[in-house]
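Subject: A structure for you to look at

Hi,

Here is the structure I promised to pass on. Have a look at it first, and then read my notes below.

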There are 2 protein chains.
Amino acid sequence: MTTTDTQTPAQQLVQFLRDEIPLAHAMDLQLGTVDNDMLSLLAPLPPNINDKGCAFGGSLVSLMTLCGWGLVELALRRRGEDCDVFVAESTVRYLAPLWQDFRSEARLAADADWNLFFHTLNARGRARIEVACVVPGEDGQPAATLSARFVAKRRVPEPVQVEQPV
Amino acid sequence: MTTTDTQTPAQQLVQFLRDEIPLAHAMDLQLGTVDNDMLSLLAPLPPNINDKGCAFGGSLVSLMTLCGWGLVELALRRRGEDCDVFVAESTVRYLAPLWQDFRSEARLAADADWNLFFHTLNARGRARIEVACVVPGEDGQPAATLSARFVAKRRVPEPVQVEQPV
């Protein structure tokens, strides 16, 4: 898949998040880079600042959660799957303050496997997968990390409207 | 301590958060109730909604993190301590969707102890404490929970400005 093939759906997804989630708009969420294994989202510092002048913890965890969610959502869309994806659980570590614009990178967790995920989804209509996100710090070391479990659940098609018998 | 004694500092703290953290303002963060053992913060649904029409996970975790932070900050201020308080680590569980305005309640974790916290702060100038937050769901069961470790670090007074020798 070329960069353009992955970039357009990701750009559409980020626009969807900005349109549908007021807080994503308030954070000024932007697309970084994307390929089949990684999604990167960006946030400028000014709307995401805290009282100390560095990145607000709530913005860091929101950005990482959206990034992990986006990674799973895009993988599903590439397979033509129509699912609701939601975060079930996460562990967050705040390791260093960030004094400038920041980005999150989401990848599958080391022991997670797309094949098993899609196999389970086919068999049961729902499946879960672990995602690892990192916000790189100014020294190249992680400034924040998130390990999260996402659940995808196939959408049930709307029933066809039929006229009720009198 | 009467309700008024605890309410005014908490109200000032919430106003401070709204003034200093753009995302807290965007969330329309508000004070719920407060006493020496518990702090409750409120968030209306409309600015905190997601694409599915229920509460955005980033808003839930931000509200709970601010609530835990506020609990520790207020306890320090009541003792006359001037500290920087930051979140070091948290575990979040998203248990049920929320379709209306919501609130977070923060209390010390079951095995945490203010006496030990203040004793360590006196001895070392920094101390950590575990906080448990919950967002009650519409059925009275938790809709989201957060366990977080906060670190308080005494602020070093600014050095007195003296004229430099020529």
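A residue is called buried if 20 or more other C-beta atoms, placed from the backbone, lie within 10 Å of its own, exposed if 12 or fewer do, and partly exposed in between. By that rule, 36% of the 166 residues of chain A are buried.

Before going on, please note that this is a predicted model, in which local features need pLDDT of at least 70 and side-chain atom pairs count only at pLDDT 80 or more, while totals for chains, interfaces and linings use all residues. Residues are numbered from 1 along each chain as its sequence is written, and chains are lettered from A and ligands numbered from 1 in the order in which they are written.

**The chain**

Starting at the N terminus, their order is α-α-β-β-α-β-β-α-β-β. The C-alpha trace spans about 65 × 40 × 30 Å along its principal axes.

**The two copies**

**Where they touch**

Residues are in contact if their C-beta atoms, placed from the backbone, lie within 7 Å. On that basis, 31 residues of chain B meet 31 residues of chain A. Strand E3(B) gives the largest share of chain B's side, 10 residues. That side divides into 16 nonpolar, 9 polar and 6 charged residues. Here Ala, Val, Leu, Ile, Met, Phe, Trp, Tyr, Cys and Pro count as nonpolar, Asp, Glu, Lys and Arg as charged, and the others, Gly among them, as polar.

Look also at helix H3 (residues 57-78) in both chains: the two axes come within 9 Å and cross at roughly 155°, with axes fitted to C-alpha atoms over the stretch in contact and angles running from 0 to 180 degrees between N-to-C directions. H3(A) is therefore roughly antiparallel to H3(B), a label for angles over 145 degrees. Residues making this contact include A:Gly57 and A:Val61 of H3(A) and B:Gly57 and B:Val61 of H3(B).

Enjoy exploring!

Conventions:
Helix = DSSP H or I, 4+ residues; strand = E, 2+ residues; numbered from the N terminus. Parallel < 35°, antiparallel > 145°, perpendicular 65-115°, else oblique. Contact = placed C-beta atoms within 7 Å.
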